[in-house]
Amino acid sequence: MPYIDLNSDVGESFGNWTMGDDAAIFTSVSSANVACGFHAGDPSVIAQTCRDAVAASVTIGAHVGYRDLAGFGRRFLDCSPTELADDVLYQLGALEALTRAAGSTIKYVKPHGALYNTIVHHEAHAQAVIDAIRAFGSDLPVLLLPGSVALAKAEAAGLRPVAEAFADRNYNPDGTLVSRREANAVLHDPAQVTANMIRLATEGTIVAVDGSVITMNAESICVHGDTAGAVAMAAAVRFGLENAGVGIKSFA
C-alpha cells in the first residue's frame with residue numbers, strides 16, 4: 001500500500017483568541033505543524049497543542065515563521081540572515097522544550113506563511129533557515145514546496161528535503177501557490193479537494209488554477225487548520241485517500 005502524510009498547521013490560538021480546532025483535526029492528520037510563538041501561539045496554547053498531539057499519536061514539527069504576530073506571519077520581513085537564523089533557532093528551542101515536557105520531540109521543520117513562500121526563491125533567507133536548523137543540532141527534515149531553493153539547500157546541508165502539496169490551496173501553472181490576495185486562493189469544496197488529493201497521491205499530478213496539469217511528487221499533504229471547515233475537510237481527504245488505497249502515515 002502506498003502511504004502519504006497529512007499535516008496541519010496548529011497551535012495558532014493566542015490568549016482568549018481561538019484559531020481552529022486542533023484536538024479535532026488530530027483525529028485525521030498524521031503530522032502537526034505547531035506554531036512557535038512568533039507568528040501565532042502562546043506558551044500555554046503551544047504546550048496544550050503538544051500534549052494533544054502526543055495523546056493522538058501525531059508527529060510534531062516546528063512551524064517557524066517571521067517575527068510577525070500582528071500580521072500572522074504573512075508579511076515579508078527584510079531582516080538580516082543572522083537575525084532570521086537567530087529567530088528560527090529561538091523558536092526551535094522553545095518548541096522543543098514544550099514538546100519534551102509533553103513526552104515527545106520535534107521531528108521536522110515547516111516554515112510558515114511569508115517565510116515559507118520567500119525561501120522558495122530567496123537565497124539568503126533560505127540559507128539562514130537551514131543554518132538555524134543545523135545549529136539546533138538535529139538532522140531535522142525540512143517540509144517545503146517542491147522546487148524550493150531551501151529544499152535544495154537542505155539537501156546540500158545533509159538534511160532530508162520533503163516536498164508537500166496543499167489540499168485547500170489553488171496553484172499557479174508554475175507550481176507556486178496562488179497569492180492569498182486573490183479571491184480564488186483557497187479551496188472550500190471538500191469533494192473537489194479530495195478528488196485533487198487522490199489524483200496527487202495516485203498519479204503525482206495536480207490541476208492548476210488555469211486547468212493545466214502540473215507534475216508534483218509530494219510526500220505530504222497540508223490541510224490548513226485555520227481554513228473554514230478544516231476539520232471536516234481533513235476527515236474527507238483522509239477518508240477519500242484510504243478508500244483509494246492510500247495509507248496515512250507521517251513521513252517523519
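Predicted model: local features only at pLDDT ≥ 70, side-chain atom pairs only at ≥ 80, totals over all residues.

Reader: What makes His224 buried or exposed?
Author: His224 has a relative accessibility of 6%. Buried means under 20%. His224 therefore counts as buried.

Reader: Where is His224, and which residues is it in contact with?
Author: His224 is found in the loop between E9 and H8. Leaving aside neighbours within four places in sequence, His224 is in contact with Ser8, Asp9, Phe166, Asp168, Arg169, Arg180 and Ala230. Contact here means heavy atoms within 4.5 Å.

Reader: Which residues lie nearest the centre of the largest pocket?
Author: They are Gly113, Ala114, Asn117, Arg169 and Arg180. In total, 28 residues line the largest pocket. Its volume is about 580 Å³.

Reader: Which helix gives the largest share of the lining of the largest pocket?
Author: Helix H4, residues 113-118, gives five residues.

Reader: How do the residues of that lining divide into nonpolar, polar and charged?
Author: Ten are nonpolar, nine are polar and nine are charged.

Reader: How does the reach of H3 compare with what is expected?
Author: Helix H3 covers residues 81-101, which is 21 residues. At 1.5 Å a residue, 30 Å is expected. From first C-alpha to last, H3 reaches 31 Å, close to that value.

Reader: Which residues of H3 are buried?
Author: They are Leu84, Ala85, Asp87, Val88, Gln91, Leu92, Leu95, Glu96 and Thr99.

Reader: Why are the buried residues of H3 said to line one face of the helix?
Author: Look down the axis of H3. Its buried residues fall within an arc of 165°, so they line one face. An α-helix has 3.6 residues a turn, so residues three or four places apart point the same way.

Reader: What is on the other side of H3, and what do its buried residues pack against?
Author: Thr82, Tyr90, Arg100 and Ala101 are exposed on the other side. The buried residues of H3 pack against strands E2 (31-35), E3 (59-63) and E4 (108-109). They also pack against helices H2 (43-55), H4 and H5 (123-136). Just after H3, Gly103 takes a positive phi of about 100°.

Reader: How do you know that the span of H8 agrees with its number of residues?
Author: Helix H8, residues 230-243, has 14 residues. At 1.5 Å a residue they should span 20 Å. The end C-alpha atoms of H8 are 20 Å apart, which agrees.

Reader: Which residues of H8 are buried, and why are they said to line one face?
Author: The buried ones are Ala230, Met233, Ala234, Val237, Gly240 and Leu241. Seen down the axis of H8, they fall within an arc of 135°, so they line one face of the helix. On the other side of H8, Ala232, Phe239 and Asn243 are exposed.

Reader: What do the buried residues of H8 pack against?
Author: They pack against strands E1 (3-10), E9 (220-222) and E10 (247-248). Helices H1 (22-25) and H7 (190-203) are also packed against by them. H8 is followed by Gly245, whose phi is positive, near 85°.

Reader: What makes the phi of Ser57 worth a note?
Author: Most residues other than glycine have a negative phi. Phi of Ser57 is near 60°, a positive value in a residue other than glycine. Phe72 also has a positive phi, about 55°, although it is not a glycine.

Reader: Are Ser57 and Phe72 buried or exposed?
Author: Ser57, in the loop between H2 and E3, has a relative accessible area of 67%. Exposed means over 50%, so Ser57 is exposed. Phe72 lies in the loop between E3 and H3. At 11% relative accessibility, Phe72 counts as buried.

Reader: Why is Gly61 called buried, and what does it touch?
Author: Gly61 lies in strand E3. Its relative accessibility is 0%, so Gly61 counts as buried. Not counting residues up to four places away in sequence, Gly61 touches Ala32, Asn33, Val34, Leu95, Ile106 and Tyr108.

Reader: How far apart are Ala163 and Ile221 in sequence and in space?
Author: They are 58 residues apart in sequence and 9.0 Å apart in space, C-alpha to C-alpha. Ala163 is in strand E6, residues 161-166. With a relative accessible area of 12%, Ala163 is buried.

Terms used
Residues numbered from 1 in each chain as written. Heavy atoms only, no water. 1 Å grid on protein atoms, 1.4 Å probe; cavity = no way out; pocket = protein on both sides within 12 Å on 5 of 7 lines; lining within 4 Å. Points joined across faces, edges and corners; volume = space filled by probe spheres on them. Helix = DSSP H or I, 4+ residues; strand = E, 2+ residues; numbered from the N terminus. Nonpolar A, V, L, I, M, F, W, Y, C, P; charged D, E, K, R; others polar. Expected span 1.5 Å × (residues − 1). Buried < 20%, exposed > 50% of the residue type's maximum accessible area, 1.4 Å probe, protein only. Arc of directions from axis to C-beta.
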